[in-house]
Amino acid sequence: MKLAASLIPRRFINMAQKKGIVIICNLDTRGEDIIFVKHLIEQRGHKAYFLDFSMEEPPPFKGDITCEEVAQRGGMTIEAVRECYRSDRDRAMENQIRGASAIVGDMLKAGKVQGVFGVGGGTSSLVGTSVMKGVPFGIPKLMASPMAAHPVYVGKYVGTHDITMHHTVLDIVKMNPLLKAQITNAVGAICGMVEMTQGTDIQFDKPCVAISSFGFGEMAVQASLDMLNEAGFTPIVCHAQGKGDKAMEDMIRAGAFHGVLDICTGGIVENLFKGNRDPGPDRLMAAVETGIPMVLAPCGLDILSYGGRADMLEKTKNRPQYVQDSLRVQVRTTAEELRQAADVIADRLNQARGEWTFLIPLKGWSSQDMEGRIIFDPIADAVFVARLKEKVAEPHRIKEVDLHLYTSEFARAAVDEFVRLYEGSPARAVAQ
């Protein structure tokens, strides 16, 4: 039975079309082992380009984009790169990243490439993922590497970008049946991704609103989704576990959102006191600087995530703790820590170019911050509120509501306040 072309989703029609995949690799040390990668992609019916960033030796064969071209585009000759590699490896690598990024960017603009694939060890992972970070959201990017699960490095490789890491387990040195099986799986993944992807063609018919979320505020977040939809917005949930709220900040700066319902602002205390969910030192600043309307709430400011951290758990052993499991242990924040958090938040909100409201739920800030539960501490919470009112230039923007945050009623109050701010904001004109 044949389906009419009009009934077949466009992504499936495009599946049979040849796509371009650039393979970022160093052929001088990996060439003979990974040449079959290009053949596998081409057997699938796509066009493969070897982009060779070799820095150490002349490769056994030339890439489709040679290491000489990469070096020159980065600003150095290949001879200078090789010399520099022996004495200043970082400088040589930065040159090749710069050159490869520019070349891949040109290929994307010309429509030659619909996916980026990286393969290799530590150096290849750093170069490959650095190039991928410059590739627009939605375009498939996959790095096959034995470093893909390294707890220290993987965060640096991926950051807040939509990069897929494929853990080969084995080092990519001298092809063998086990390693070949893993790389073949990775090639199958990138081919499937480019066949199914819609790329950067992501369409929205309503203005987008970012919502920060994690488990301790989930009821309010979930309730707000339907409310925002009914009010004419597309809600997009960002998991406030450190990387997720940092990604939200990056996407706000990139213009992806017309406003933010920042219910879970706990990243502020996580950064100040080195918790597991630390999003970095710029939390809130994207909305502050871009001027999009924001409604904030204190979910997560009541706890610090120290699970798996014997030193910090020992240091805070006399405080109330909520133990979810061995990796997730939440320690109650003190009045002094909240006072410091209020200072930081006030300083940032005082720089805001747009409209904002900070909603304070008087009956508790999270699912664990309620009467009868161990994290409940209304005295510490009150210290935060008093300090925030003292330090912000416009204290009338802090609104107390006689509700608990972990309720649909609080979601209603937050969404209504967001709609009020949005109706008078420049972001509304941009969305229209």
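Okay, so Val169 is exposed, with a relative accessible area of 57%. Keep in mind that this is a predicted model. Where does Val169 sit? It's found in the loop between β5, residues 164–167, and α8, residues 177–196. And its backbone is worth a look: phi of Val169 is near 70°, so we have a positive value in a residue other than glycine.

For background, most residues other than glycine have a negative phi.

Lys174 isn't a glycine either, yet it has a positive phi of about 60°. Buried or exposed, then, for Lys174? Exposed: its relative accessible area is 64%, and the cut-off for that label is over 50%.

Okay, on to the helices. Two packed helices are described by the angle between their axes and the distance between the axes. The pair I've picked is α5, residues 89–109, and α6, residues 122–132. Their axes come within 9 Å and cross at roughly 40°. As for handedness, α5 passes α6 in a right-handed crossing.

Which residues make the contact? From α5 you've got Arg89, Met93, Ile97, Ala100, Ser101 and Val104. Across from them, α6 brings in Thr123, Leu126, Val127, Ser130 and Val131. Sort the residues of that contact by type and you get seven nonpolar, three polar and one charged.

Notes:
Residues are numbered from 1 along each chain as its sequence is written. This is a predicted model: local features need pLDDT of at least 70, side-chain atom pairs count only at pLDDT 80 or more; totals for chains, interfaces and linings use all residues. Side-chain values use heavy atoms; hydrogens and water are left out. Axes are lines fitted to C-alpha atoms, for helices over the stretch in contact, and angles run from 0 to 180 degrees between N-to-C directions. Helices (H or I, at least four residues) and strands (E, at least two) are DSSP runs, numbered from the N terminus. A crossing is left-handed if the near helix is turned anticlockwise from the far one by less than a right angle, and right-handed if clockwise. Contact means heavy atoms within 4.5 Å. Ala, Val, Leu, Ile, Met, Phe, Trp, Tyr, Cys and Pro count as nonpolar, Asp, Glu, Lys and Arg as charged, and the others, Gly among them, as polar. Buried means under 20% relative accessible area, exposed over 50%, partly exposed in between (1.4 Å probe, protein chains only).
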